[in-house]
Amino acid sequence: MRLINEKTKLNLDDPYFKDLYNIEDGIPVFKYFVNGEWKSSYDKAKIVSPIDNNTIAYISRPSETEVENAIDNIYKVGRWKIRDMPGDQRLKIIERMADLIEKHQDAIIDSLIINAGKTYNSAKGEVSATIERLKKAPLDLREIIGDLIPGDWSSEALETEALIRREPYGISLIIIPFNYPLFDSANKITYTMLPGNALILKPPSSDPIPSLFLVKAALDAGFPKESIALITIPGRSMSKVVSNSKISIINLTGSTKTGIEVMKEAGIKQFIMELGGGDPAIVLSDADINLASERISLAITSYSGQRCDSIKLILAENKIYDELKNKLLNELSKVKVGDPRDKSVSMGPLIDKSSADEWEEAVKDAEKKGCKIIFGGKRINETFITPALIECDQDKVKDLIAYKEEIFSSIAIITKFDDLNQAIELANGRRYGLDASIFGNDVNTIRKLIRLLEVGAIYINDMPKHGINYYPFGGRKDSGIGREGIGYSIGQVTAMKSIVYNYKGKRVWEYI
C-alpha cells in the first residue's frame, strides 16, 4: 500500500461554499444552521481525515438552548411555512438542488474523498446518485395522492363517502450515517419535505462536511430557512432532541444499537430506521461462478465493507464450493488498497481506528475458533486493512463474532452446504434481515429461497445494492423499521386522514 506523501487537506477553491466556514490558524471552522442562519460557536469539534488522521477542519456546535429554540421555532413557524408552500414549488426546490450539486460537484467529491475516505470512483458515484435521486423526485408524488371511498358497499355507510388524504406530520428528525453523508441527506430530505414536512438534520460527527454542502444547496434552492435546522452535535447529546414531543418523525440510518437507544428515549413517534445489516449470498450449483465471484468480491470490498448491504456471509453449494472459492480469491487479489486520492485505488481506509479495532477482533476471534483466514486479514495501520475472507466449517459459523454481529468493514465468512435448508437456516440465523443475494438459475430453487429468506430485499444474480433507492429496501428483525424507496417512503412521513361526508336525507343517491 502506498500513501501519497502529502498531508490531507480540503479543497476550498470553490467560492460557493465560503460562507459555511471561517479560517482560523489556517484551518477551516465550519458552521451549523439554526434559527434561519449559519452560526459559529466557541464549542468546536475536530474533524480528521481517515486517510492519515490529519486535522482537516473543525466544526462548531450549537448549545443545548440553541437547539431547543430551533425546534420551538420550527414547530411554531417553520412547519407551517413549508406545509403552506404549493407542492409544485417544493418540487422545484428539489430540482434546483440537483442543479447546484451538479454545478459544484468537484468540491463535494473532494470532501467525500478527504473527509469520508472514499475512493474517487466511490465519491463520484455518490454525487452522481445524489443528483439522480433529486431529479427522480417526481416519482415520489404517486404516494401523495389519496383515495375516495364510496359508502354504498356497506349498509352502515349508505349515503356517505370518505376522502382519504395524506398530510405531513410536522417535523422530522433526520439522523445521517457516516457512510453516505451526501446521498442519505439528499434522499431523506427529498421524500420528507416533498409532502410538506419541516426537518432537523443531524449530520455524522466523523464526516459532516458533505451534509453541510447539501444544506447550503437546499437553502439557496429556496428551502424556507425557517423550516430547516442543521445541528452538529454528537450522538451522545441527542437524548433531549429525540425525546422532544414537537418532533413527530425520527428517520435514522445507523447501527442497531443506536436504533434501540433512540427508540427507548423517543417515546411514541413515527420511525423510519435502517439499522444493522451485512448480507448473506447463497451460491447454487448451477450459478455462473465468474459472475458470482466478481459481484461478491465487489460487495465485500466496496467502500471497505462499510455498507449496510455489504456481503458478510457466503453460502456455497458443495459441488461448486472449491471453484467459487478459488475464483473469489482471484477477484480479491485484484483489489488495490491504498490512499483514495490515488484514482487507481479501489479500497481506501476505514472511517476510524475503532472500526479497524473491531475488524481486527473479529478476525482474531475466527482464528481462535478454528477457522482459516484464506485471504487478507492483515491490518496495515490505524485505519487501513486488507479485506478478510474467512473459511469456516458450517458447525462453527454461528459461534463467530463476524456472524453474530455486524462488523462494519471488509470481512466475510465462506462455508459450504449440501442441503438447501442448511443454507436457509444459516442465512436466517443472524439477528439481521436486510438483504440477500442468490446466484443460480433454477427457478424453483430460487423461488423457494425467495419465499423463506427473512430479509427485506433479495437480489437474483447480483450483489445487494440500494443505489438511488429506485427499488424499495429495508430491514426485518434487527435491521430496522420501514422502507426507503422512491415512491414508497412518503407513505411513512405522511399521516393518513379520513374525511367522512354524510349526505343522508339529501337525496344525493337514489338507491333501488
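There's one disulfide in this structure, and since the model is a predicted one, read everything here as a feature of that prediction. The bond in question runs between C371 and C392, with the two sulfurs 2.2 Å apart. To find its ends, look at two loops: C371 sits in the one between helix 11 (353–368) and strand 16 (372–375), while C392 sits in the one between strand 17 (388–391) and helix 12 (394–397), so the bond ties together parts of the chain that are 21 residues apart in sequence.

How much of this pair can you see from the outside? Relative accessibility is 7% for C371 and 4% for C392. Buried means under 20% relative accessible area, so C371 counts as buried, and so does C392. Another cysteine worth a look is C308, which is buried as well, at a relative accessible area of 11%.

Now for a bit of backbone. Head to the loop between helix 9 (289–301) and strand 15 (311–317), where you'll find Y303. Its phi is positive, near 45°, and Y303 is not a glycine. This tyrosine is tucked away too: with 6% relative accessibility, Y303 counts as buried.

Further along, K477 gives you another case of a positive phi in a residue that isn't glycine, this time about 55°. Here the setting is a strand, namely strand 22 (residues 476–477).

Conventions: Residues are numbered from 1 along each chain as its sequence is written. This is a predicted model: local features need pLDDT of at least 70, side-chain atom pairs count only at pLDDT 80 or more; totals for chains, interfaces and linings use all residues. Side-chain values use heavy atoms; hydrogens and water are left out. A disulfide is a pair of cysteine sulfur atoms within 2.5 Å. Helices (H or I, at least four residues) and strands (E, at least two) are DSSP runs, numbered from the N terminus. Buried means under 20% relative accessible area, exposed over 50%, partly exposed in between (1.4 Å probe, protein chains only).
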